[in-house]
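Hi everyone, thanks for coming along. Let me put the structure up, and then I'll walk you through a few spots in it.

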Amino acid sequence: MPRRQMRELPYYNSFFQCTSQPAIELAELITSLAPEGISHAFFTGSGSEANDTIVRMVRHFWSVQGQPERFNIIGRLNGYHGSTVAGASLGGMPAMHKQGGLPIAGIHHINQPYWFQDGGDLDPEVFAIQRARELETKILELGPKTVAAFIAEPIQGAGGVIIPPASYWPEIQRICRRYGVLLIVDEVICGFGRTGRWFGSDYFSIEPDIMPVAKGLSSGYLPIGAVMFSRAVAEVLMEQGGELAHGYTYSGHHVCAAVALENVRILQREKIVERVAQDTGPYLRERWLRLAEHPLVGEARIAGLLGAIELVPHKPARDFFPERGKVGAMCRDFALQNGLILRATQDSMLLSPPLVISREQIDELVDKTRLALDQTWRALGRAV
Ligand SMILES: *Cc1c(COP(=O)(O)O)cnc(C)c1O
């Protein structure tokens, strides 16, 4: 398929009423899989580009409706939305904001629903409602008529695979609806099967207005991303917005789109998302959650094939090592020596295996994780 595309027409631009056949077919296919109401796709080269597009798109959306003062966009501390100027601004990584004078104007942040770190004695569901209500507080503080949109990942990925308690998303949805604020759900990690549903929005029953997607769209074989959005947003942009003076040379690149199309078709044909939901996901879940029995593990959490374990010094206290990140790096290095790639974010070990992982490979993955935990425990001077 990609080879055929390469021979037939490797590239032509998507500006000025042009597009490519694979991009048309890809847009049709992914909107058919997306949550109810999502009907359009604008292709980009990456997730960051998708989020840059979104900043301009949502401000333009309000501006053409006579509400240019709806300029503010609210994101979350420790959220991740990419590394370009707008992407890093929407994200809430202090280390990134420090470099390059970010965030850009009109971008604000609220706290994340990270119960393990911040929940104290609160019940997780109560804590999550409190964190969601910070959105309402921020909207009221800025002035409801000045807020264009709220952006969040269904599950924070780069921030440490933070899975919000079940009460979080319905409350966020309610607040966005109440103030007419567009809800942007960043599906760059969750999209295309990671949670055992096609989108993280399906996993949490979210109804997004706009969804950036990337990574899983092509499973990384070639770079491509997209902004997916609702018919309501599309109608305003098309009927009142005139032409959005926006586009990337490689938007809808023929070969990348052909590869993404084939990737999504394979996910469908081989029922890979269903397998995650019904077979490998539950199997991994059962084994992964049992890692919480380890003396070094304060919490194990997982959704589909996306999970984390928190390394702590004094279980069952939810406390942290004095120098955060050091023990996580140790554990990661041990894992690597054992032939297992495990990412560490501070002292959380992150899990995101290929969607085609088999049960045997899951056994190996969990055994090697446990071994790395034992080695770390021993290196810290405690007997296993
Ligand atoms: C990776 C990521 C991005 C950025 O995508 P790039 O393709 O690296 O630009 C944006 N949002 C989320 C949630 C991500 O995980």
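Let's begin at Pro316, which sits in the loop between strand 9 (306-311) and helix 14. Helices here are DSSP runs of H or I with at least four residues, strands are runs of E with at least two, and both are numbered from the N terminus. The peptide bond that joins Lys315 and Pro316 is cis, with omega about 5 degrees.

A quick word on the source: this is a predicted model, where local features need pLDDT of at least 70 and side-chain atom pairs count only at pLDDT 80 or more, while totals for chains, interfaces and linings use all residues. Residues are numbered from 1 along each chain as its sequence is written, and side-chain values use heavy atoms, with hydrogens and water left out.

Leu102 to Pro103 is also a cis peptide bond, with omega near 0 degrees. You'll find Pro103 in the loop between helix 5 (94-97) and strand 3 (107-110). And for those of you who like backbone torsions, Val161 has a positive phi of about 45 degrees, although Val161 is not a glycine. Val161 belongs to the loop between strand 4 (147-152) and helix 8.

Now, on to helix packing. Helix 14 (residues 326-337) packs against helix 15 (residues 359-379) at an angle of about 130 degrees, and their axes are 8 Å apart. Those axes are lines fitted to C-alpha atoms over the stretch in contact, and angles run from 0 to 180 degrees between N-to-C directions. That angle makes helix 14 oblique to helix 15; under 35 degrees counts as roughly parallel, over 145 as roughly antiparallel, 65 to 115 as roughly perpendicular, and the rest as oblique. On the helix 14 side, Val327, Met330, Cys331, Phe334 and Ala335 meet Ala372, Leu373, Gln375, Thr376 and Ala379 of helix 15, where contact means heavy atoms within 4.5 Å. By class, this contact has 8 nonpolar, 2 polar and no charged residues. Here Ala, Val, Leu, Ile, Met, Phe, Trp, Tyr, Cys and Pro count as nonpolar, Asp, Glu, Lys and Arg as charged, and the others, Gly among them, as polar.

What about helix 7 (residues 124-142) and helix 8 (residues 168-179)? They pack at about 15 degrees with axes 8 Å apart, and are therefore roughly parallel to each other. Their contact has 11 nonpolar, no polar and 6 charged residues.

Next, helix 3 (residues 47-63) and helix 11 (residues 231-240): their axes come within 9 Å and cross at roughly 70 degrees. The two are therefore roughly perpendicular to each other. Met57, His60 and Phe61 of helix 3 make the contact with Ala232, Val233, Val236 and Leu237 of helix 11. That gives 6 nonpolar, 1 polar and no charged residues.

Finally, the ligand. Which residues are around the ligand? They are Ser46, Gly47, Ser48, Asn51, Tyr80, His81, Gly82, Glu153, Asp186, Val188, Ile189 and Lys215, each with a heavy atom within 4 Å of the ligand. An N or O atom in the side chain of Ser48 is 2.5 Å from a ligand oxygen atom. A backbone N or O atom of Gly47 lies 2.9 Å from an oxygen atom of the ligand. At Tyr80, a backbone N or O atom is 3.4 Å from a nitrogen atom of the ligand.

That's my tour, so over to you!

Conventions. A polar contact is a pair of N or O atoms within 3.5 Å; within protein, one must be able to donate a hydrogen and the other to accept it, and residues adjacent in sequence count only if both atoms are side-chain atoms.
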